[in-house]
Amino acid sequence: MRSLFLAFGMFSALPVPADRVPAADRSTSAAALRWMPLVGAVLGALGTLAALVFWRGYGVGSPLLGAVVVVAVLALLTRGLHLDGLADVVDGLGSGRPAEQALEIMKRSDIGPFGVAALVLVLLVDVAALTSVLSTVDRPTGLVVVLGAAGSARLAALWAANAPAARPGGFGALVAGSATRAQQAAVTAAAAAVTVCAAALSGVDGVGLVWLLAAGLVGQLVAAALRRHVVRRLGGTTGDVFGALVETALTATLLALAAVLSWRGHL
């Protein structure tokens, strides 16, 4: 359980008892990765609760403000960690430089034009897609959607843990090759089971549940495509890559859900 406290300490801004947080070595960091979906689900739940100030379900209130609040809370409660990783990765890949130079660009503290454009577009798409969802669902279903999307998006980081590291040092090197297929499959199955239970309790029908799980799968497939490109382009992963994968999976999942609602009309 100490790795759970490490997961919240590393991947969120939520307060955790300092005496319960172990040192971040290879073993504990690998274990903390397996808790990331739970961290995302908790952050998503907190974001949805905050959004209830403006959004009350089925379009009552302002779905747009509710979506903005959810996205803002997710960013604030992660200290912008994953967004920063996304910006750095896009800057590195967008530079068109060889791998070594691209990695140096990613290590810089500033954000270039590619990174800024990526952040603006991703945040706009997240807000627009989530607005579409919140406009058509009730409060329990909205909670399940946000909780499920934020939780499942973090599976992308776990599935990247068996990729090689692009450079020595840093989080990427710390967890490179640390996750087995069995561990990845077990955590993914547990996340899916929790989503199924939460969706059933919120009143989502069988077809809606299938679409909800399919949206999460779309997010993972898009993140996997990005992971393969990054490994081929840079020779491996870095801590920034893990953040970029989480944000990519989240955006793709929300887009898939918005597409489902545009055709089906409901979950």
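User: Which residues of H12 are buried?

Analyst: In H12, the buried ones are Gly208, Leu209, Leu212, Ala215, Gly216, Gly219, Gln220, Ala223, Ala224, Arg227, Val230 and Leu234. Buried means under 20% relative accessible area, exposed over 50%, partly exposed in between (1.4 Å probe, protein chains only). Helices (H or I, at least four residues) and strands (E, at least two) are DSSP runs, numbered from the N terminus. This is a predicted model, where local features need pLDDT of at least 70 and side-chain atom pairs count only at 80 or more, while totals for chains, interfaces and linings use all residues. Residues are numbered from 1 along each chain as its sequence is written, and side-chain values use heavy atoms, with hydrogens and water left out.

User: What covers the buried residues of H12?

Analyst: Look for contacts, meaning heavy atoms within 4.5 Å. The cover includes helices H5 (81-94), H6 (99-107), H8 (139-153), H9 (155-159), H11 (181-202) and H13 (239-264).

User: How do I check the span of H12?

Analyst: Multiply 1.5 Å by one less than the number of residues. For the 29 residues of H12 (206-234) that gives 42 Å, and the end C-alpha atoms are 42 Å apart, so the two agree.

User: Where does H7 run, and what span does it have?

Analyst: H7 takes in residues 113-134; its 22 residues should span 32 Å, and the ends lie 31 Å apart, which agrees. Its buried residues include Gly115, Ala118, Leu119, Val122 and Asp126. The buried residues of H7 pack against strand E1 (55-57), helix H4 (63-76), H5, H8 and H13.

User: How should I read the packing of H12 and H13?

Analyst: Two packed helices are described by the angle between their axes and the distance between the axes. Axes are lines fitted to C-alpha atoms, for helices over the stretch in contact, with angles from 0 to 180 degrees between N-to-C directions. H12 and H13 pack at about 145°, with axes 8 Å apart. Their contact has 17 nonpolar, six polar and two charged residues. (Ala, Val, Leu, Ile, Met, Phe, Trp, Tyr, Cys and Pro count as nonpolar, Asp, Glu, Lys and Arg as charged, the others, Gly among them, as polar.)

User: Which residues of H8 meet H13?

Analyst: Val145, Ala149, Ala150, Ser152 and Ala153 of H8 meet Leu245, Val246, Ala249, Leu250, Thr253, Leu254 and Leu257 of H13. By class, that contact has 10 nonpolar, two polar and no charged residues.
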